[in-house]
Amino acid sequence: MSEPDKGPEIPIASPVTGTVIDLADVPDPVFSSKAVGDGLGVEPDDGAIVSPMDATVTMVAGTGHAIGFKSESGLEVLLHLGVDTVELGGAPFDLSVTVGDTVKAGQTLGAMDLEAVRAAGKATTAIVVLTNTITHLSDLTVTTGRTDAGTTVATATLKGEDDDAAPTGAASTEVDAGTTDGARTDGLTGFDATAADIITGIGGPDNVRSVLHCITRVRFYLKDESLADDEAVTDLDGVIDVVKSGGQYQVVIGPDVVDVYDAVVAQLPNVGAGDQAADVEIVERPTTLWGWVKLGFSSLIGVITGSMIPVVGMLAASGILKGLLALLVQFKVVTEASNTFHFIDAMSSSMFFFLPIIVGFTAAKRLGADPIVVAIIGGVLCYPSVVTMSNPDDEAYHVVAQVGRTVFNADFFGIPVSLPEGNAYAYSIFPIIVAAWLASKIEPWLKKALPAVIRPIFGPLIEIFVVSALILLVFGPVVMIISGGIASVINAVLGFNYTLAGLLIGGFYQCLVIFGLHWAVIPIISSELASPGYSHLNAIVSATMIAQGGGALAVWLKVRDARIKRMAAPATISAFCGVTEPAMYGLNLKYGRIFITASIGGAVGGLLTGLLNVNMWGFTGAFVGFPSFVNPKGMGSSFTGFWIAGVAALVVSFLCTYFFGFKQADFDKERTVKKVRLGNREPVAK
């Protein structure tokens with residue numbers, strides 16, 4: 001049998017400057033499975049966008065995140081800018097084309113603000129999909145690797161006149177939506193029938209809070225996701241797949257999404273449509289005390305990680321810079337008295353010193369409070385005069401009162417205030433997250449109580465005063481009391497048995513970092529380094545840093561998601577430089593078992609640190625702090641013990657995480673709950 005005639009070849013250009021990747025590697029399961037059609041992805045280096053082909057513009061999304069094209073040969077192409085960027089409301093996109101424009105490959109279409117997309121926690125991947133793959137495409141060849149915008153990176157070979165075989169594995173754009181075997185009793189046909197079946201499958205009209213759509217999906221916010229029948233919805237004619245992500249129940253339709261969406265809205269007259277602000281996941285109310293405890297802890301971890309993820313990249317960069325500065329000092333390239341040292345120290349430390357301001361902003365966005373107001377409250381916690389009041393080495397420091405071990409070193413309208421020595425508030429995230437939560441509760445009351453004419457001024461005034469006072473007088477001291485208790489326990493364990501201390505502290509120390517309680521340990525380490533001049537405790541802490549880095553390293557080497565890889569690489573380096581927050585908040589804590597497996601590595605490293613009686617003569621830990629393990633009196637067993645314990649912590653953490661810490665599904669479940677299915681057809685690998 002002779003080969004069928006092939007049609008014309010259509011060149012496809014890269015829409016952005018960057019790195020071309022296979023469609024299978026795109027961080028979105030619907031696109032990567034070729035459910036919408038064959039294509040490619042490009043990880044952009046800059047935000048300039050150009051046309052991928054000679055064509056007519058057939059669609060420009062109202063939110064600017066997608067553009068549709070159609071060539072003279074009939075090939076239809078969708079350019080999707082970023083993943084889930086429809087949720088950003090168009091803010092990062094500035095397009096200069098409209099429907100009906102004729103464009104050439106490489107012609108400028110507009111721009112995408114990559115930093116704004118990343119700051120929102122979205123992938124910036126530009127996705128090019130041939131949406132009528134089944135009816136028009138015979139073959140697609142893609143050249144991966146580095147490229148410039150407008151450069152041809154793929155060739156689409158269209159079907160010839162006698163090429164009638166339709167390949168499976170890609171969604172047709174000409175779906176006979178809503179057809180069924182036999183007549184319907186409700187008399188509905190086409191998109192109306194599809195919409196009715198979808199609504200029934202997701203639990204009925206009463207289960208829908210709101211609905212919106214993007215270029216390929218109808219996105220529902222459901223009251224109870226457990227009422228939805230994923231299997232039944234996926235099997236409907238006209239439905240490609242079901243995806244659950246970000247509190248949304250997403251029904252993937254393809255090019256007919258607008259028609260299906262309009263039919264859905266018409267059948268849900270009492271449901272809000274297009275409510276982008278409804279991005280709240282509905283969680284089933286617990287019925288037991290343990291259920292409430294689990295929900296509370298899960299919600300707390302969600303708030304912490306959600307507040308920290310937008311800044312983990314900056315934390316990682318600061319941590320790496322801190323490590324480089326430590327090496328420069330250790331090898332006497334710069335001295336601590338030099339101006340160069342102080343400039344670099346400011347670059348690396350400002351992120352941590354002003355952490356309450358930055359995390360206050362992100363936590364407020366996460367909890368629904370005013371980000372600017374909460375950032376100002378964070379500024380109160382690290383304001384210079386407040387820092388001065390908390391510093392016992394400063395002339396302004398004075399003890400107002402003392403109750404037991406609690407020192408009240410300031411007062412507020414005569415009420416004693418206990419400020420942590422050295423102002424650990426400036427480096428802690430937990431008090432400011434509590435402040436964001438308080439602000440989210442106070443703001444709705446202020447909006448109701450204050451007249452609109454005075455609300456813009458007196459609302460923030462009252463909120464800043466009340467929340468700041470509550471943090472300084474109540475919640476901040478509570479955190480420090482907990483910290484003091486932890487410090488006492490650690491001291492007791494260290495005094496009892498160093499090996500046991502290594503095991504316990506190595507296993508649990510990073511739990512303190514989660515809540516900012518690790519600052520209770522800093523005074524102990526500082527005291528030990530002052531006298532007798534070395535610290536067993538800091539040596540154990542150093543091993544836990546390496547272990548958290550080992551967990552992030554395992555994620556980086558194993559996971560396929562390009563977005564996660566970009567987070568894991570700098571987080572690993574940062575942990576090895578002694579800053580574990582990027583690894584913990586961005587990866588290990590967020591994905592559950594990884595934090596546990598990494599902590600197992602910390603326990604092993606701490607145990608060996610104790611068994612080998614490792615001492616530490618400097619403050620900088622992890623691998624970058626290896627000179628701190630050199631005894632000033634001469635090279636000793638502590639230096640060897642550090643490498644044994646550190647490598648053991650890395651290896652154990654890495655292996656436990658790689659084999660037991662997570663599965664690829666742990667990352668995929670953020671975007672999808674099941675493999676894409678096209679009716680009863682399975683995708684066919686090319």
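Predicted model: local features only at pLDDT ≥ 70, side-chain atom pairs only at ≥ 80, totals over all residues.
Residues 164-183 have a pLDDT below 50, with 49 contacts in the model beyond near neighbours in sequence. The pLDDT is likewise below 50 over residues 669-686, a stretch for which 63 such contacts are found.

Alanine 55 lies in strand β5, which spans residues 55-60. With a relative accessible area of 8%, alanine 55 is buried, because this value falls under 20%. Beyond its neighbours within four places in sequence, alanine 55 is in contact with Phe69, Lys70, Ser71, Asp101, Thr102 and Val103. For phenylalanine 69, which is 14 residues away along the chain, the C-alpha atom is separated from that of alanine 55 by 5.8 Å.

Helix α20 comprises residues 593-611 and helix α21 residues 637-661; their axes come within 8 Å and cross at roughly 155°. The two helices are therefore roughly antiparallel, as the angle is over 145 degrees. The crossing of α20 past α21 is right-handed. On the α20 side, the contact is made by Arg593, Ile594, Thr597, Ala598, Ile600, Gly601, Val604, Gly605, Leu608 and Thr609. On the α21 side, Ile644, Ala645, Ala648, Ala649, Val652, Ser653, Cys656, Thr657, Phe660 and Gly661 take part. Of the residues in this contact between α20 and α21, 12 are nonpolar, seven are polar and one is charged.

Technical notes
Residues numbered from 1 in each chain as written. Heavy atoms only, no water. Axes fitted to C-alpha atoms, helices over the stretch in contact; angles between N-to-C directions. Helix = DSSP H or I, 4+ residues; strand = E, 2+ residues; numbered from the N terminus. Parallel < 35°, antiparallel > 145°, perpendicular 65-115°, else oblique. Left-handed = near helix turned anticlockwise from the far one by under 90°. Contact = heavy atoms within 4.5 Å. Nonpolar A, V, L, I, M, F, W, Y, C, P; charged D, E, K, R; others polar. pLDDT = per-residue confidence, 0-100. Buried < 20%, exposed > 50% of the residue type's maximum accessible area, 1.4 Å probe, protein only.
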